[in-house]
Amino acid sequence: NITNGGWIIASNDDRASFGGNAKADADANVSGHETYTDHGPAEPLKVQSIEILAVTCSEDRTEGTIYGTAEIDGTGEHNFRIRVRDSGEPSGGGDMYGILLDTGYYSGEQPLQGGNVQIH
């Protein structure tokens, strides 16, 4: 189970916010919802997941990856990959978030400026 919410400075120097949850059960059934907004001015966009396809975690539950499809600015069906790192509680500045879209948009894997990532 991966829950995340907060904000980062994307690689294009835009402020971006994100939030969501994704989980896989013992039978590998996955579910969840993810959002990501780049607030501009370089590359404003809003991503809303349509479907979570896969969730993976490291054995020590400090790093996770979420794969899925999403609408961008309310249209289309695009593939995405989200990578997160959970540095423990409280966040302590070591949590990380990054999203890659099939359009070529990449936030970079960025330290959280605020918020939290939890992998459990």
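## Overall fold

Take the contacts in this protein (heavy atoms within 4.5 Å) between residues at least 6 apart in sequence: 41% of them join residues at least 24 apart. This is a predicted model, where local features need pLDDT of at least 70, side-chain atom pairs count only at pLDDT 80 or more, and totals for chains, interfaces and linings use all residues. Residues are numbered from 1 along each chain as its sequence is written, and side-chain values use heavy atoms, with hydrogens and water left out.

There are 9 strands and 0 helices here, counting DSSP runs numbered from the N terminus (strands are E, at least two residues; helices are H or I, at least four). Reading along the sequence gives β-β-β-β-β-β-β-β-β. The radius of gyration, taken over C-alpha atoms, is 13 Å, close to the 14 Å from the globule rule for 120 residues, so the protein is as compact as a globular protein of that length. That rule is 2.2 Å times the number of residues to the power 0.38. Along its principal axes, the C-alpha trace spans about 40 × 30 × 15 Å.

## Surface and burial

The accessible surface comes to about 6000 Å², and carbon and sulfur atoms account for 47% of that. Areas come from the Shrake-Rupley method with a 1.4 Å probe; for residues, only the protein chains shown count as cover. Of the 120 residues, 38% are buried (under 20% relative accessible area; exposed is over 50%, and partly exposed is in between).

## The nonpolar core

In soluble globular proteins, nonpolar side chains tend to be buried together. The largest nonpolar core here has 24 residues, and Tyr36, Phe80, Tyr97, Ile99 and Leu101 touch the most other members. A core of this kind is a set of buried Ala, Val, Leu, Ile, Met, Phe, Trp, Tyr and Cys residues joined through side-chain atoms within 4.5 Å.

Leaving aside neighbours within four places in sequence, Leu101 is in contact with Leu45, Val47, Ile72, Asn79 and Phe80.

## One salt bridge

The count comes to 1 salt bridge, meaning a side-chain nitrogen of Lys or Arg within 4 Å of a carboxyl oxygen of Asp or Glu. Glu109 pairs with Arg83, and their closest N and O atoms are 3.2 Å apart. This pair links distant parts of the chain, 26 residues apart: Glu109 sits in the loop between strand S7 (96-101) and strand S8 (110-111), while Arg83 belongs to strand S6 (residues 75-85).

Both partners are partly exposed: Glu109 has a relative accessible area of 35%, and Arg83 has 33%.

Conventions: Buried < 20%, exposed > 50% of the residue type's maximum accessible area, 1.4 Å probe, protein only.
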